[in-house]
Amino acid sequence: FNLSPYSYTMALYGIPTWVVFVALVVVQFGFGGYGVIVKKFALENKADPLIFCLVRDGCCFPVLLLSALAERKFVYPKGKKLLVFFILGTLGMFGNQFFYIMGVDFAGADIASIFQPAIPV
């Protein structure tokens with residue numbers, strides 16, 4: 001089951017190619033369905049977008065931290081890099097999702113799902 005030159009790379013890590021494809025499909029369903037989930041469960045129940053985003057990021061933080069620690073040694077930013085790290089985290093991770101949720105509220109889940117791939121990762 002060799003579909004691309006990436007199969008050799010995946011074989012080095014011991015991950016079958018089909019697992020990678022299934023993971024990519026699951027991620028795409030997640031991106032497509034996130035706007036619908038936000039609209040149905042959060043905004044129709046009159047949840048505040050700011051609180052929803054804070055809870056979402058608060059739940060994601062431990063998962064991302066443990067993933068970073070498992071992947072490699074964690075390096076703490078120091079000095080000016082700490083300020084840049086804070087600003088990028090606030091504007092990038094929190095601000096991006098907050099304005100996405102506001103867009104779902106104003107434009108609807110279908111329009112937000114259409115523009116979801118335009119968000120830089």
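Helices (H or I, at least four residues) and strands (E, at least two) are DSSP runs, numbered from the N terminus. The model is predicted: local features need pLDDT of at least 70, side-chain atom pairs count only at pLDDT 80 or more, and totals for chains, interfaces and linings use all residues. Residues are numbered from 1 along each chain as its sequence is written, and side-chain values use heavy atoms, with hydrogens and water left out.

View 1. From the N terminus on, the order of elements is α-α-α-α-α. Of the 121 residues, 18% count as buried. Here buried means under 20% relative accessible area, exposed means over 50%, and partly exposed lies in between (1.4 Å probe, protein chains only).

**View 2. A nonpolar surface patch includes V22 of helix α2.** Helix α2 covers residues 17–43, and V22 is found in it. V22 has a relative accessible area of 45%, so this residue is partly exposed. Together with I15, W18, V19 and V26, V22 makes a nonpolar surface patch of about 440 Å². Patches are made of residues with over 30% relative accessible area and no salt bridge; like charges are joined within 9 Å, and nonpolar side chains (Val, Leu, Ile, Met, Phe, Trp, Tyr) within 5 Å. Accessible areas come from the Shrake-Rupley method with a 1.4 Å probe, and for residues only the protein chains shown count as cover.

**View 3. K46 lies in the loop between α2 and α3.** The phi angle of K46 is near 60°, a positive value in a residue other than glycine. K46 counts as exposed because its relative accessibility is 74%.

**View 4. R56 and D57 form a salt bridge.** A salt bridge is a side-chain nitrogen of Lys or Arg within 4 Å of a carboxyl oxygen of Asp or Glu. By this rule the model has one salt bridge. The closest N and O atoms of R56 and D57 are 3.2 Å apart. R56 is partly exposed, with a relative accessible area of 26%, whereas D57, at 11% relative accessibility, counts as buried.

**View 5. The largest pocket has a volume of about 580 Å³.** Of its 14 lining residues, the closest to the pocket centre are F61, L64, F85, G89 and M93. The elements that give two or more residues to the lining are α3 (49–71) and α4. Helix α4 gives the most, with seven residues. On a 1 Å grid over the protein atoms alone, a pocket is an open set of points where a 1.4 Å probe fits, with protein on both sides within 12 Å along at least five of seven lines; lining residues have an atom within 4 Å of a point. Grid points are joined across faces, edges and corners, and a volume is the space filled by probe spheres set on the points.

**View 6. Ring pairs link F94, F98 and F99 into a cluster.** Rings of Phe, Tyr and Trp (its six-membered ring) pair if their centres lie within 6.5 Å; planes under 30 degrees apart count as stacked, over 60 as edge-to-face and the rest as tilted. By this rule there are two aromatic pairs. The rings of F94 and F98 are stacked, because their centres are 6.1 Å apart and their planes are at 10°. F94 and F98 both lie in helix α4 (residues 80–107), four residues apart, about one turn of the helix.

**View 7. Q97 and Y100 are two buried residues of helix α4.** Q97 has a relative accessible area of 12%, and Y100 has one of 8%. Q97 and L54 are 43 residues apart in sequence, and their C-alpha atoms are 9.7 Å apart in space. Y100 and G35 are 65 residues apart in sequence, with a C-alpha to C-alpha distance of 8.5 Å.
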